[in-house]
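Visitor: I have a model open and would like to learn how to read it. Could you walk me through it, feature by feature?

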Amino acid sequence: MQQPLVPMSVRAAFAYKKKIARREYVRVTLRHGEDGALEAVKFPREGAGLLSSLVDTDGLVELGEAITQVEAGQTVGFLSYANLV
C-alpha cells in the first residue's frame, strides 16, 4: 500500500488567490531566503499545457479546499516532484 505524501513546510514567496471548495497545485521553485529559510517562488505563468513549468520548477505547493488566498511569508505545504514518482 502506498503511503500518503506528507508536504514539507516552506515559506511562500508569492501571493495567490483561488476559489473556495477547490484544491489547487501551484508550480514553484525553492530558494533560500535572506534568513536561510526555504521559500517557494511561484512560476510566473500558469496553464496546464506549459511543460516548461514542470522542467523549470522543483515541485508543487498544495492549496486545500478551505484556502482562498496565500500571502507572502505564509507557511505552505510543498510536494517535491521527486516524491511524486
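**Reading the model**

Guide: Let's start with Ala 21, which is exposed, having a relative accessible area of 63%. Here buried means under 20% relative accessible area, exposed over 50%, and partly exposed in between (1.4 Å probe, protein chains only). Ala 21 sits in the loop between strand 2 and strand 3, and its phi is near 65 degrees, a positive value in a residue other than glycine. Helices (H or I, at least four residues) and strands (E, at least two) are DSSP runs, numbered from the N terminus.

Visitor: What are the ground rules for the numbers?

Guide: This is a predicted model, where local features need pLDDT of at least 70 and side-chain atom pairs count only at pLDDT 80 or more, while totals for chains, interfaces and linings use all residues. Residues are numbered from 1 along each chain as its sequence is written, and side-chain values use heavy atoms, with hydrogens and water left out.

Visitor: Where is confidence lowest in the chain, and where is it highest?

Guide: pLDDT is the predictor's confidence in each residue, from 0 to 100. The chain has a mean pLDDT of 90, with 92% of its residues at 70 or more. Helix 1 (residues 51-55) is lowest, at a mean of 72, and strand 6 (residues 69-70) is highest, at 98.

Visitor: On to the strands. In what order do the five strands close into a barrel?

Guide: The general idea is that strands of a sheet pair through backbone hydrogen bonds, either parallel or antiparallel. Two strands count as paired if DSSP finds at least two bridges between them. In this model, five strands close into a barrel in the order 1-4-3-5-7, and the pairing is mixed. From one strand to the next, the twist averages 55 degrees; the axes behind that angle are lines fitted to C-alpha atoms (for helices over the stretch in contact), and angles run from 0 to 180 degrees between N-to-C directions.

Visitor: Which residues stand opposite each other?

Guide: Take strand 3 and strand 4 (residues 38-42), which pair in the antiparallel sense over five bridges; Arg 31 stands opposite Glu 39 in strand 4. Strand 1 and strand 7 run antiparallel and are joined by four bridges, with Gly 77 in strand 7 as the bridge partner of Ser 9. Strand 5 also pairs with strand 7 in the antiparallel sense, over four bridges, and there Leu 60 stands opposite Leu 79.

Visitor: What does Pro 7 contact, leaving aside its neighbours within four places in sequence?

Guide: Contact means heavy atoms within 4.5 Å. With those neighbours left aside, Pro 7 is in contact with Glu 62, Gly 77, Phe 78 and Leu 79. Pro 7 is found in the segment before strand 1 and is partly exposed, at 32% relative accessible area.

Visitor: Which residues make up the largest nonpolar core?

Guide: In soluble globular proteins, nonpolar side chains tend to be buried together. A nonpolar core is a set of buried Ala, Val, Leu, Ile, Met, Phe, Trp, Tyr and Cys residues joined through side-chain atoms within 4.5 Å. The largest one in this model has 12 residues: Val 10, Ala 12, Phe 14, Tyr 16, Val 26, Val 28, Ala 40, Val 61, Leu 63, Val 70, Val 76 and Phe 78. At least two residues of this core come from each of strand 1 (8-12), strand 3 (24-32), strand 5 (59-63) and strand 7 (75-80). Beyond its neighbours within four places in sequence, Tyr 16 has contacts that include Val 26, Leu 63 and Val 70, along with Lys 42 and Glu 46.

Visitor: How many salt bridges does the structure hold?

Guide: Six. A salt bridge is a side-chain nitrogen of Lys or Arg within 4 Å of a carboxyl oxygen of Asp or Glu. One of them joins Arg 11 and Glu 39, whose closest N and O atoms are 3.0 Å apart. Arg 11 lies in strand 1 and Glu 39 in strand 4, so this pair ties together parts 28 residues apart in sequence. Glu 39 counts as buried, at 11% relative accessibility, whereas Arg 11 is partly exposed, at 21%.

Visitor: Which salt bridges does Arg 23 form?

Guide: Arg 23 meets Glu 62 in a salt bridge (2.7 Å, N to O). That pair links strand 5, where Glu 62 lies, with the loop between strand 2 (16-17) and strand 3, 39 residues apart. Arg 23 also forms a salt bridge with Glu 65, the closest N and O atoms being 2.8 Å apart. Glu 65 is in the loop between strand 5 and strand 6, 42 residues from Arg 23. Elsewhere, shared partners join Arg 11, Arg 31, Asp 35 and Glu 39 into one salt-bridge network.
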